[in-house]
Amino acid sequence: SSTSYQTVMSVTITPNSSSSKLLVIAGGSFQGLTDENDTDNADARVKLFRGSTEIGTLSSVKGNRTGFYLVNKDTNNHGGNAVTYHLKLKRHQGNNQVSVMRGSSLLIQEII
């Protein structure tokens, strides 16, 4: 990953009803900094976005593999229009440091 958020996965859904709510569940694991010479306490971060709006965030301690589970009930009225969710990863800071997404899933469920 880089020092800016990089998209790992995106899902777009068009609700069947203009009054539907969406349940968004993201899960998986990622690893913080893997630079063996790292001496600071920088960490990696995973965020969940609806379009460009952040709706959930998670941080990991450097060098650790961390499981994550983010749940968001999107109560916005999307009027039956398509909505895109993004799962993104970034390293917090530093050069020669790497953050790795080990696996992820993004589940969207429409609640009518």
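What share of the 112 residues in the protein chain is buried? Buried residues make up 40% of them, where buried means under 20% relative accessible area, exposed means over 50%, and partly exposed lies in between (1.4 Å probe, protein chains only).

Some ground rules before going on. This is a predicted model, in which local features need pLDDT of at least 70 and side-chain atom pairs count only at pLDDT 80 or more, while totals for chains, interfaces and linings use all residues. Residues are numbered from 1 along each chain as its sequence is written, and side-chain values use heavy atoms, with hydrogens and water left out.

Now the overall layout. The protein chain has seven strands and zero helices; both are DSSP runs numbered from the N terminus, with helices being H or I of at least four residues and strands E of at least two.

Take the open sheet of three strands, which runs β5-β2-β7 with antiparallel pairing; two strands pair if DSSP finds at least two bridges between them. β5 (65–74) and β7 (100–111) stand at the edges with a single partner strand each, so one side of each has no neighbour in the sheet. Strand β2 (residues 21–31) pairs with β5 over ten bridges, and one spot to look at is Ile 25, whose bridge partner in β5 is Val 71.

Next, hop over to Leu 58, which sits in strand β4 (residues 53–59). Leu 58 is partly exposed, at 23% relative accessible area. Its C-alpha atom is 5.7 Å from that of Arg 45, which is 13 residues away along the chain. Leaving out residues up to four places away in sequence, Leu 58 touches several residues, including Phe 30, Val 46, Phe 68 and Leu 70.

Then there are the charges. Side chains of opposite charge can pair when their charged atoms come close. With a salt bridge taken as a side-chain nitrogen of Lys or Arg within 4 Å of a carboxyl oxygen of Asp or Glu, the count is two. In one, Lys 47 meets Glu 54, with the closest N and O atoms 2.8 Å apart; Lys 47 is buried at 15%, whereas Glu 54 is partly exposed at 38%. Arg 50 and Asp 74 also form a salt bridge, at 3.3 Å from N to O. Arg 50 lies in strand β3 (residues 44–50) and Asp 74 in strand β5, so this pair ties together parts 24 residues apart in sequence. Arg 50 is buried at 18% relative accessible area, and Asp 74 is buried at 1%.

Technical notes:
Contact means heavy atoms within 4.5 Å.
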